[in-house]
Amino acid sequence: MLLTIPEVLNGDQVKQARQLLDQADWVDGKVTAGHQSAKAKDNVQIPEGHPIAAQLGEMILGALGRHSVFLSAALPLRVFPPLFNRYSGGQSFGTHVDNAIRQVPGTAHRIRTDLSATLFFAGPEEYDGGELCVEDTYGVQRVKLPPGYLVLYPSTSLHHVTPVTRGARVCSFFWIQSMVRDDGHRSLLFDLDLSVQRLSRDLAGNATAEQTAVQLTGVYHNLLRQWAEL
């Protein structure tokens, strides 16, 4: 499931982030690439553990923790500390797949990357190129979103970033270990959760609808009980 999540960050948060990112030190993006993806990667990043990365990472994680669509779609167990990259001057990232396991810097913890996320800080009108192209069962999906918007997709997907030929593409990227590792199961639970919410909202006060919502909520939690890994 590839999902666009709007307004993860509001305008003030994006503005603050852009100001801090403009002050940051940027290094070769290959520092966080695996052996294979390093051959295809051409961008710059803020070093892991940099104070600005830590400050903005807390902002992003706080926003995600309050975003009902993200929580429902990702069912997050652990989220990798957000990283930040920038593409300009023809830089790109060729086709690759993300590493399956990531060591959380400075800790003994590792996460399984079930979902990949990209959060945009630059508007589509600020740069040419820079589309995130994700290959899924329906073909190649091209993604270029407004500031503060996030795209979520399975980490098993082949993907690439097209060359940025004007301006600069600035984003945060990170990975999520979900309580439900199977993408098909997560998608089913997300659809079921949305259906229950819609039923409860649109038919509030209808006794039959309310009883049905309770039954479907039971089905949701029983499936989650079967599929969740904690």
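What is the volume of the second largest pocket? About 160 Å³. Keep in mind that this is a predicted model, where local features need pLDDT of at least 70, side-chain atom pairs count only at pLDDT 80 or more, and totals for chains, interfaces and linings use all residues. Residues are numbered from 1 along each chain as its sequence is written, and side-chain values use heavy atoms, with hydrogens and water left out.

A pocket here is an open set of points on a 1 Å grid over the protein atoms alone, where a 1.4 Å probe fits, with protein on both sides within 12 Å along at least five of seven lines; lining residues have an atom within 4 Å of a point. A volume is the space filled by probe spheres set on the points.

Among the residues lining the second largest pocket are Met 1, Tyr 138 and Asp 183. Strand β12 (132-136; a strand is a DSSP run of E, at least two residues) gives the most to that lining, with three residues.

Asp 183 turns up again in a salt bridge with Arg 186. That term means a side-chain nitrogen of Lys or Arg within 4 Å of a carboxyl oxygen of Asp or Glu. The structure holds seven of them, including these:

| Pair | N to O distance |
|---|---|
| Arg 166 and Asp 128 | 3.0 Å |
| Arg 186 and Asp 183 | 3.3 Å |
| Asp 202 and Arg 201 | 3.1 Å |

Technical notes
Helices (H or I, at least four residues) and strands (E, at least two) are DSSP runs, numbered from the N terminus.
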